[in-house]
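Reader: I am new to this structure. Could you show me how to read some of its features?
Author: Gladly, let us take a look together.

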Amino acid sequence: MKTEPDGSFKRADASFRNVIEKGGKFEPAPDRYHLYVSYACPWATRTLIVRKLKGLDEIIPVTVVSPRMGAQGWPFASVDAFPDSNEDPLYQAEHVKDLYLRADPDYNGRFTVPVLWDKKEHTIVNNESSEIIRIFNTAFNDLLQADKAALDFYPKEIRQEIDALNEWVYPNINNGVYRAGFATTQAAYEKAVVEVFNALDRAEKLLTGKDYLVGDRLTEADVRLWVTIIRFDPVYVGHFKCNVRTIRDGYPSIHRWMQKLYWNSEAFKASTNFEHIKTHYYWSHPSINPTRIVPVGPIPNVVPL
């Protein structure tokens, strides 16, 4: 993890930023692409949700890594057979890093998920989740049934609102919890955690009396915020010291919005595995949790509606 001289955490940018489009190097086609994810990772979970919402299950297969990220990065089940993790079906890779080095033997960046892989060119198309969900939103529409093709989670008429929301949700909530958790000085931690809860206060006001963040419809803005909120009480409150308030007791509108999406949408629920989520954070960050003990609570992980 990269920290600045003042002890603050800074996330590196993704490296593979290609698109899937007709006439391009990477054209839409059934079973040409493969998605590698971790259930634990909020960024990867974004892609799982949109893949499911758009009905891309049969077009883009998925492989899930073990949540126990060690010195070699994310492992496949062949080297760490954690429940609900998979072996690599394409190359029998042992770790996600093997895919990066297959795509580019000189690659020296971070070995992150999600990875959208091209089986034809044997390379990574994209590893930036915010771009992958937009690829999934439109690139394969001609291959989908009409009802799924019609779904648009980044509609033109409200893109400005979505973009404006993403501009403060990402740094202050999505990445804000990491900035608090990986801070190495008290000052950097306190700055980050205050910004997290100021942004949550803002989101609470925005969701009061509403089912969705923008335009009274489900959009990518909901997906992007939700993946952090669903992890907040089980992980970020304790592990990342974001303990000013919990979602379930401190933010009734955010909590209700989170519950409805979890309990009423299979795309959200099926993309969420709390055993992977809790194990990853508490096991994979020994600088924060050297005993690797995984807490039992909260019980339940998600309060029923």
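Predicted model: local features only at pLDDT ≥ 70, side-chain atom pairs only at ≥ 80, totals over all residues.

Reader: Which way do the side chains of strand β3 point, and are they buried or exposed?

Author: In a regular strand, side chains alternate between the two faces of the sheet. Here, in β3 (residues 115-118), Val-115 and Trp-117 point one way, while Leu-116 and Asp-118 point the other way. All four of these residues are buried.

Reader: Which residue of β3 is the bridge partner of Tyr-33?

Author: That partner is Asp-118. The pairing is between β3 and strand β1 (residues 33-37), antiparallel and over four bridges.

Reader: How many bridges join β3 to strand β4?

Author: Three, and these two strands also run antiparallel. Together β3 and β4 make a hairpin with four residues between them. In the turn, look for His-122, whose phi is positive, at about 55 degrees.

Reader: Now the helices. At what angle do α8 and α12 pack?

Author: Helix α8 (residues 220-236) meets helix α12 (residues 274-284) at about 55 degrees, and their axes are 10 Å apart. Because of that angle, α8 is oblique to α12. The crossing is right-handed.

Reader: Which residues make the contact?

Author: From α8 come Ile-230, Arg-231, Pro-234, Val-235 and Tyr-236. From α12 come Phe-274, Ile-277, Lys-278, Tyr-281 and Tyr-282. Sorted by type, eight residues of this contact are nonpolar, two are charged and none is polar.

Definitions and conventions: Residues numbered from 1 in each chain as written. Heavy atoms only, no water. Axes fitted to C-alpha atoms, helices over the stretch in contact; angles between N-to-C directions. Parallel < 35°, antiparallel > 145°, perpendicular 65-115°, else oblique. Left-handed = near helix turned anticlockwise from the far one by under 90°. Contact = heavy atoms within 4.5 Å. Nonpolar A, V, L, I, M, F, W, Y, C, P; charged D, E, K, R; others polar. Buried < 20%, exposed > 50% of the residue type's maximum accessible area, 1.4 Å probe, protein only. Pairing = 2+ DSSP bridges.
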